Amino acid sequence: MKLLFPNNIYARLFADNLPEPLKKEVSFLPSSSITNELKNDRDAVGLITPTDILNAPEIFISSKAGISFEGILSNSYIYFLPSQKDFSALSLLGDISTIDVILSKIFFKENYNTDIQVEILSDINKGKDKNLLVAGDLNFSSFDFDKGLSFAEELVDMFSLPYVNFVLASFNSKMIEDINSAAAGISKKIYDSVEQDNFGSGINIKSKEYIKENIGSLVYEFESQDIDDVHQLLHLPYFYGIIQDIVEPKFI
């Protein structure tokens, strides 16, 4: 089974704690490219953002496992300029995906009553003197996440549901059944791994401690509220006029 995961700490923890044969099948790609890769290899399984389903409504997704946040831990953080009063624009940096673009627009509309202009940056140096949403491990290497706003926590507070950032998806329903079985019980393995400091490379001590202290807000095995959130995430773009039709997820 070919597995395509985004290259962030939370997805790597997932990959590292899969059964041994599957670990060797994981490739790490930019989040924004995974759904297109799944279209090219319809037997592969990917960790995609729920809003990618809007452009692939026939894809199947797991009702059992993915990556969801219930508190301060997040894959994306917002960094406002000091004494910021202008909320008309937001620059996105890092491993940006459709969910960051769509939900940032909804977040600013709800909280600041503004239709923000969004730009995606490829160069960290171009992010100076701008309000930023940073996605992925860049938060834990090049930014002080303590000074950022946890995007996941803000969305949990806004919608009173967990924030499902990634779902397991495939165009082959049998592959989803197989990955559901392989991921059973993975939460305990991941929590034990974090407790034992088995994070892999690329994460500094401060970030490790931060993740360890807040690991209880990180969910890998879905419950009913995570399923509810995926439905809501797919309905929101319709209610805010971003898309013209509601797309329903095909859970397995």
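**Exercise 1. Is Asn113 buried or exposed, and what is its relative accessible area?**

Step 1. Asn113 is exposed, because its relative accessible area is 62% and the cut-offs are under 20% for buried, over 50% for exposed and in between for partly exposed (1.4 Å probe, protein chains only).

Step 2. Now place the residue: Asn113 sits in the loop between α4 and β7. Helices (H or I, at least four residues) and strands (E, at least two) are DSSP runs, numbered from the N terminus.

Step 3. Look at the backbone: Asn113 is not a glycine, yet has a positive phi of about 50 degrees. Most residues other than glycine have a negative phi.

A word on the model: it is predicted, so local features need pLDDT of at least 70 and side-chain atom pairs count only at pLDDT 80 or more, while totals for chains, interfaces and linings use all residues. Residues are numbered from 1 along each chain as its sequence is written, and side-chain values use heavy atoms, with hydrogens and water left out.

**Exercise 2. Work out the order of the strands in the open sheet.**

Step 1. There are 5 strands, in the order β7-β6-β8-β5-β9, and the pairing is mixed. Two strands pair if DSSP finds at least two bridges between them.

Step 2. At the edges are β7 (117–121) and β9, each pairing on one side only.

Step 3. Zoom in on one pair: β5 (residues 76–79) and β8 (residues 132–135) are antiparallel over 4 bridges. Here Ile78 has Leu133 in β8 as its bridge partner.

**Exercise 3. Describe the surroundings of Ser150.**

Step 1. Ser150 lies in strand β9 (residues 149–150) and is buried, with a relative accessible area of 5%.

Step 2. Its side chain reaches two backbone atoms: the oxygen of Ile72 at 2.8 Å and the nitrogen of Glu153 at 3.1 Å.

Step 3. Not counting residues up to four places away in sequence, Ser150 touches Gly71, Ile72, Leu73, Ser74, Ser76 and Tyr77, where contact means heavy atoms within 4.5 Å.

**Exercise 4. Which residues of helix α5 are buried, and how are they arranged?**

Step 1. In α5 (residues 151–159), the buried residues are Phe151, Ala152, Leu155, Val156 and Phe159.

Step 2. Seen down the axis, they fall within an arc of 135 degrees, so they line one face of the helix. The arc is that of the directions from the helix axis to the C-beta atoms.

Step 3. Just after α5, Ser160 takes a positive phi of about 55 degrees.

**Exercise 5. Where is Gly66, and which residues does it contact?**

Step 1. Gly66 is in strand β4 (residues 60–69) and is buried, with a relative accessible area of 0%.

Step 2. Leaving aside neighbours within four places in sequence, Gly66 is in contact with Phe14, Leu47, Phe166, Val167, Val219, Tyr220 and Phe222.

Key. Polar contact = N/O pair within 3.5 Å; in protein donor to acceptor, adjacent residues only side chain to side chain.
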